[in-house]
Amino acid sequence: MAEALAEARRAGEEGEVPIGAVVACEGRIVGRGRNARERLRDPTAHAEILALQEAARTLGRWRLTGATMYATLEPCPMCAGALVNARVDRLVYGVADPKAGAVDTLFDLLRDARLNHRVQVASGVLAQECGALLRSFFRERRG
């Protein structure tokens with residue numbers, strides 16, 4: 001999660017909402033991502049999506065079984081759906097997202113028995129740090 005937080009800090013330094021994600025598999029980081037919607041002018045350039053894309057390239061496969069994603073913020077519906085579609089085994093996230101969280105807050109996409117894959121979830125990891133980074137970013141924006 002410390003590596004995901006480092007990605008989030010980089011996103012904030014780039015003027016992006018400070019959200020970061022990493023994908024680990026077999027004891028090593030295989031994908032990194034940080035929000036890049038503004039920089040790439042891409043509404044899908046969320047940290048989780050970019051980390052999944054890099055992990056798939058690194059591993060040479062789209063099925064990311066055996067992988068764990070670490071994300072600083074609870075994933076949105078798009079990112080949660082991507083975790084299911086990529087067959088990620090586990091998600092560890094920092095802080096809940098009351099406006100768009102699709103794992104525990106608004107929806108429970110990762111454990112929905114109607115889908116063809118379910119993802120194990122651990123939440124609240126480094127929640128204090130993840131939440132403080134987001135609050136600080138938005139406080140500065142509102143000025």
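1. A residue counts as buried when its relative accessible area is under 20%, exposed when it is over 50%, and partly exposed in between. On that rule C76, at 14% relative accessibility, is buried. The model is a predicted one, and the points below should be read with that in mind.

2. Overall fold. The protein has 5 helices and 5 strands. Read from the N terminus, the order of the elements is α-β-β-α-α-β-α-β-β-α. The protein has 143 residues and a radius of gyration of 14 Å, which agrees with the value near 15 Å that a compact globule would have. The C-alpha trace spans about 45 × 30 × 30 Å along its principal axes.

3. Burial and contacts in general. Of the 143 residues, 45% count as buried. Among contacts between residues at least 6 apart in sequence, 55% join residues at least 24 apart. The protein exposes about 7,400 Å², and carbon and sulfur atoms supply 49% of that area.

4. Charge. There are 21 positive and 18 negative side chains in the protein. The centres of the two sets lie 2 Å apart.

5. Cysteines. How many disulfides are there? The count comes to 0. C25 is in no disulfide, and the nearest cysteine sulfur, that of C79, is 19 Å away. C25 is also buried, because its relative accessibility is 2%. The case of C76 needs the cut-off: a disulfide is a pair of cysteine sulfur atoms within 2.5 Å. The closest cysteine sulfur to that of C76 is in C79, at 3.8 Å, so the pair is too far apart for a bond. C79 itself is one of the buried residues of helix α4.

6. Helix α4. This helix covers residues 77-85, and its buried residues are C79, A80, G81, A82, L83 and V84. What covers them? The cover includes helix α3 (47-59) and strands β3 and β4 (90-95). After α4 comes R87, whose phi is positive, near 65°.

7. E7 in helix α1. E7 lies in helix α1, which runs over residues 2-13. Is E7 buried or exposed? With a relative accessible area of 4%, E7 is buried. Apart from residues up to four places away in sequence, E7 touches G20, A21, V22, R32, G33 and R34. E7 and M69 are 62 residues apart in sequence, and their C-alpha atoms are 13 Å apart in space.

8. T68 in strand β3. T68 is placed in strand β3, residues 67-73. At 13% relative accessibility T68 counts as buried. Beyond its neighbours within four places in sequence, T68 is in contact with V22, V23, A24, V88, R90 and V92.

9. V95 in strand β4. V95 lies in strand β4. Which residues does V95 contact, leaving aside neighbours within four places in sequence? They are T72, L73, E74, A127, C130, G131 and L134. Among them, A127, C130, G131 and L134 fall within the residue range of helix α5, 127-142. The C-alpha atoms of V95 and L115, 20 residues apart along the chain, are separated by 24 Å.

10. Positive phi values. Most residues other than glycine have a negative phi. E26 is not a glycine, yet has a positive phi of about 55°. Where is L126? L126 is in the loop between β5 (120-123) and α5. With a relative accessible area of 33%, L126 is partly exposed.

How values were computed
Residues are numbered from 1 along each chain as its sequence is written. This is a predicted model: local features need pLDDT of at least 70, side-chain atom pairs count only at pLDDT 80 or more; totals for chains, interfaces and linings use all residues. Side-chain values use heavy atoms; hydrogens and water are left out. Helices (H or I, at least four residues) and strands (E, at least two) are DSSP runs, numbered from the N terminus. The radius of gyration is taken over C-alpha atoms; the globule rule is 2.2 Å times the number of residues to the power 0.38. Buried means under 20% relative accessible area, exposed over 50%, partly exposed in between (1.4 Å probe, protein chains only). Contact means heavy atoms within 4.5 Å. Accessible areas come from the Shrake-Rupley method with a 1.4 Å probe; for residues, only the protein chains shown count as cover. Lys and Arg count as positive and Asp and Glu as negative; His and the chain ends are not counted. The place of a charge is taken as NZ of Lys, CZ of Arg, CG of Asp or CD of Glu.
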